[in-house]
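Here is a short briefing to read alongside the structure. Please have the viewer open as you go through it.

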Amino acid sequence: GPDAWQETRVLLDAIPGHPLYNGGRIAFGPDGMLYIATGWTERRERPQDLDNLAGKILRLTQDGEVPADNPFPGSPVWSLGHRNPQGLALDDQGRLFAAEHGQSGHDEVNEIVKGGNYGWPLVQGDETGEGLRPPLAHSGRSTWAPSGLAWHEGRLLVASLRQGAVLA
């Protein structure tokens, strides 16, 4: 019926997959663009490789085209260096945030900026590197096992699979 999901076309294909590390969240921004989180697929070279869609946040038009103002001409890549982003949220000003699983802890919440490199697998947690963006917050050696992410009344809320709770 008219209320049932109907797949009408593929907007982007050839996103590498993995049994565990696929990211997979999507969100529409206030700019009308579609943001797509992809996981690293346990291949260390992929998150830093601009020619590979794994370990990225991608940005497309609603028709699946690459916007002319994306940071890397002709590429759907909006940001890179992600491990396994499991949540996307936008605040009241339209800023994009992502929550992602780290390696053995070091789960992160990041503010996603155009062309930003979030460092995976080069750095995690408090580690830094030239041109790499640190997280807004991370779980240290413990884990939140983040899932969804939401903006509500001035706060980011992270769904934690580990605690079975929502963290603010």
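Let's start with threonine 41, which counts as buried because its relative accessible area is 4% (buried means under 20%, exposed over 50% and partly exposed in between, with a 1.4 Å probe and protein chains only). This is a predicted model, in which local features need pLDDT of at least 70 and side-chain atom pairs count only at pLDDT 80 or more, while totals for chains, interfaces and linings use all residues. Residues are numbered from 1 along each chain as its sequence is written, and side-chain values use heavy atoms, with hydrogens and water left out.

**Around threonine 41**
- Threonine 41 sits in the loop between S2 and strand S3 (56-60); strands are DSSP runs of E, at least two residues long, numbered from the N terminus.
- Beyond its neighbours within four places in sequence, threonine 41 is in contact with Pro16, Gly17, His18, Tyr21, Arg46 and Ala54 (contact means heavy atoms within 4.5 Å).

**Histidine 18**
- Histidine 18 lies in the segment before S1 and is buried, with a relative accessible area of 19%.
- Not counting residues up to four places away in sequence, histidine 18 touches Thr41 and Glu42.
- The histidine 18 side chain makes a polar contact with the side chain of glutamate 42 at 3.2 Å, and also reaches the backbone nitrogen of leucine 20 at 2.8 Å.

**Nonpolar cores**
- The largest nonpolar core has 11 residues, among them Ala27, Tyr35, Ile57, Trp78 and Leu96; a nonpolar core is a set of buried Ala, Val, Leu, Ile, Met, Phe, Trp, Tyr and Cys residues joined through side-chain atoms within 4.5 Å.
- S2 and strand S6 (96-101) are the elements that give two or more residues to this core.
- A second, separate core of 8 residues includes Ala89, Phe97, Leu149 and Leu156.
- Leaving aside neighbours within four places in sequence, the contacts of leucine 96 include Tyr35, Ile57, Leu88 and Ile112.

How values were computed:
Helices (H or I, at least four residues) and strands (E, at least two) are DSSP runs, numbered from the N terminus. A polar contact is a pair of N or O atoms within 3.5 Å; within protein, one must be able to donate a hydrogen and the other to accept it, and residues adjacent in sequence count only if both atoms are side-chain atoms.
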